[in-house]
Amino acid sequence: MQSRTPSSTGRPGRPRSATADEAILEATREALVELGWSKLTLGDVATRAGVAKTTLYRRWAGKNELVVDAVAVLFDELELPDRGSLAADIEGVVLQFAALLDRPETKTALMAVVAESTRDAPLRERIRTSIVDRQKRLVLEGRARAERRGELPVAADPCVAAATADLIFDVAAGAVVHRTLVSAEPVDSEWVRRFTALLLGGLAAASG
């Protein structure tokens, strides 16, 4: 899988180093798990990553941007498996998503940025563009694959199709995040099977 460059555009200067970026983002996640949001500093991250503070400040203007990018690259690991049917594909990606949310670095970082974003509108926007919008690709890929298989009719109206994709993403992501991070209940194969059946029932109604 190809690595993705963090969403931060950085500041003018020397070309960015992918190795340095990866070290910084990994150090950010480690620091969050160990220290929590309030105690995390860019200086500590730079020390952990083995880079100069100036290297970090050239890439990220502050802690908010850095933490969102550290979370975003984890979500970019998600892939839609081709398991032969739409239902099986959905079950596969939901299980991946739940496993990702169960990782300490993902759980800590995501909860921290979501809490902080309640009083920071630019941070909310960065979460939307760097995490939410990028992961909607999974819904679009699933829909296109299901259309090729003949499992779903080809969408006649692109605007309606886009709105439906947004709704599916909201329902799926919201259900898994709530069950994993809020209710602290397991996302096991049986729950995923039942959830997928419910989701597909709604999708069939929307497509009809």
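Modeller: A contact means heavy atoms within 4.5 Å, and residues 24 or more positions apart account for 68% of the contacts in the chain with a separation of 6 or more. This is a predicted model, in which local features need pLDDT of at least 70 and side-chain atom pairs count only at pLDDT 80 or more, while totals for chains, interfaces and linings use all residues. Residues are numbered from 1 along each chain as its sequence is written, and side-chain values use heavy atoms, with hydrogens and water left out.

Biologist: How do you know which parts of the chain the predictor is confident about?

Modeller: The guide is pLDDT, the predictor's confidence in each residue, from 0 to 100. Its mean over the chain is 88, and 89% of the residues reach 70 or more. Confidence is lowest in H10, at a mean of 83, and highest in H5, at 96. Over residues 8-15 the pLDDT is below 50, and this stretch has 15 contacts in the model beyond near neighbours in sequence.

Biologist: What makes the pattern of this chain α-α-α-α-α-α-α-α-α-α?

Modeller: Helices (H or I, at least four residues) and strands (E, at least two) are DSSP runs, numbered from the N terminus. The chain has 10 helices and zero strands, and that pattern is what one reads along the sequence.

Biologist: Why is Thr196 called buried?

Modeller: Buried means under 20% relative accessible area, with exposed over 50% and partly exposed in between (1.4 Å probe, protein chains only). Thr196 has a relative accessible area of 1% and is therefore buried. This residue lies in helix H10 (residues 189-207), and, not counting residues up to four places away in sequence, it touches Ala87, Ile90 and Glu91. Of the 208 residues of the chain, 42% count as buried.

Biologist: What makes a set of residues here a nonpolar core, and which members touch the most others?

Modeller: A nonpolar core is a set of buried Ala, Val, Leu, Ile, Met, Phe, Trp, Tyr and Cys residues joined through side-chain atoms within 4.5 Å. Of the 56 residues in the largest such core, Ile24, Val45, Leu56, Leu66, Phe75 and Val94 touch the most other members. The largest share of this core, nine residues, comes from helix H4 (residues 63-75). Leaving aside its neighbours within four places in sequence, Ile24 is in contact with Val45, Ala49, Val51, Leu56, Arg59, Trp60 and Leu66.

Biologist: Why is the pair of Phe75 and Phe97 called tilted?

Modeller: Rings of Phe, Tyr and Trp (its six-membered ring) pair if their centres lie within 6.5 Å; planes under 30 degrees apart count as stacked, over 60 as edge-to-face and the rest as tilted. The structure holds two aromatic pairs. Phe75 and Phe97 form one of them, at 5.9 Å centre to centre and with 55 degrees between the planes, so the pair is tilted. This pair links distant parts of the chain, with Phe75 in helix H4 and Phe97 in helix H5 (residues 86-101), 22 residues apart. Phe75 is buried, with a relative accessible area of 5%, and Phe97 counts as buried at 12% relative accessibility.

Biologist: What makes the pair of Trp191 and Phe195 stacked?

Modeller: Their ring centres are 5.2 Å apart and their planes at 5 degrees, so the pair is stacked. Being four residues apart in helix H10, Trp191 and Phe195 are separated by about one helical turn, and both Trp191 and Phe195 are buried.
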